[in-house]
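Open the structure in your viewer and keep the selection panel at hand. The stops below go from the domains to the ligand.

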Amino acid sequence: MERVIALVDMDCFYVQVEQRLQPEYKGKPCAVVQYKKWKGGSIIAVGYEARACGVNRNMWGDEAKKLCPDIHFFRVPEVRGKADLTKFRDAGKEVINVLSRFSNCVERASIDEAYIDLTEEVKRRMDKRAQKELLQNTHIVGFDKEGRLEGLESWLDSVYEGDDFNNIQDKKLAVGALISEEMRAAVYEETGFRCSAGIAHNKMLAKLSCGINKPNKQTVLPYGSVQGLFSTLPVRKIRNLGGKLGESLVEELNVEFIGDLVKFPLTELQNNFGDKTGEQLMKSQWFPHHNEKSADIGEYEEF
Ligand code: TTP
């Protein structure tokens, strides 16, 4: 059975944690800096109001201040000269606790992200049609051109029109999207934090879709939209391909978009990159019908 995986990623997480502690800064341009006297400190998280002024994570505090004079900086606390991330880790745990009520298969992927295997919960709810009114923050990849709502409506209509393999897989994603809306609402209600989510049939696709619409939104990636997305997705956007391996794919194989990889047989990938990497590249993890096992997602992990 095809799984339904959601990746939940908190929006500008450290900023939200600080704003919850000091609510007078909510809605105002903020960033979190690791404070050094040098150039106003290095920015490690930027709130969306500050992003609207052009501030980003690669800037020094002083540069950000020039672009956004009203910006407020929170400083990461230090203990014996080292950053103390306790409050961020604890806040992340609060979120995991909420998410864990929706599935017994939750994998914490970083301080502010988790994969949730929704397959079982989806199975239980498949008899009810997912209503667009309950999918208020949901975007569907490949269906957004006329606007979010129009895309969602036309996707839902086509999904519930038939019962072939793709219809059934898409229905699972629709129900997964419904559960994700509920999860994100519960996270907000119980922690005060906003998050975004990606909903797809495997972890890689869920992660990819999560980044497409942010903040406080969720994105579904149906099988039928994967090819279109991959044909325009630069290789460096894929996890593990941001660095040297991605560069050599571009240089040696002239692969610009991840969809171009499909043209290469395993032997050619292995000749270029060695047996192991070639196989990893091939291992269908770029493609929906991949071989990730349910156990891959693991149980709830603490770190
Ligand atoms: P991210 O999830 O990468 O980013 P974000 O939550 O700040 O913003 P977005 O809405 O775009 O997801 O990182 C999560 C937190 O981890 C971030 O708030 C601060 C911290 N972090 C660092 O300390 N150093 C880094 O280089 C990065 C990328 C993040």
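What follows is a list of selections, with a note on each.

This is a predicted model, in which local features need pLDDT of at least 70, side-chain atom pairs count only at pLDDT 80 or more, and totals for chains, interfaces and linings use all residues. Residues are numbered from 1 along each chain as its sequence is written, and side-chain values use heavy atoms, with hydrogens and water left out.

Colour the domains first: domain 1 is 5-13 + 86-222, domain 2 is 14-80 and domain 3 is 233-286. These bounds come from an automatic or database domain assignment. Between the C-alpha centres of domain 2 and domain 3 the distance is 36 Å.

The shell holds 14 residues, with Cys 12, Phe 13, Tyr 48, Asp 112 and Lys 214 the closest. Domain 1 and domain 2 both contribute to this shell, so the ligand lies between them.

Which distances separate their polar atoms from an oxygen atom of the ligand? For Lys 214 the distance is 2.9 Å, for Asp 112 3.0 Å and for Arg 57 3.4 Å. Taken alone, the ligand exposes 560 Å², of which the protein buries 69%; these areas come from the Shrake-Rupley method with a 1.4 Å probe.

Last, select strand S1 (5-10), helix H1 (13-21), strand S3 (42-46) and helix H2 (48-51): each gives two or more residues to the shell around the ligand. Helices (H or I, at least four residues) and strands (E, at least two) are DSSP runs, numbered from the N terminus.

Key
A residue is near a molecule or strand if one of its heavy atoms lies within 4 Å of it. A polar contact is a pair of N or O atoms within 3.5 Å; within protein, one must be able to donate a hydrogen and the other to accept it, and residues adjacent in sequence count only if both atoms are side-chain atoms.
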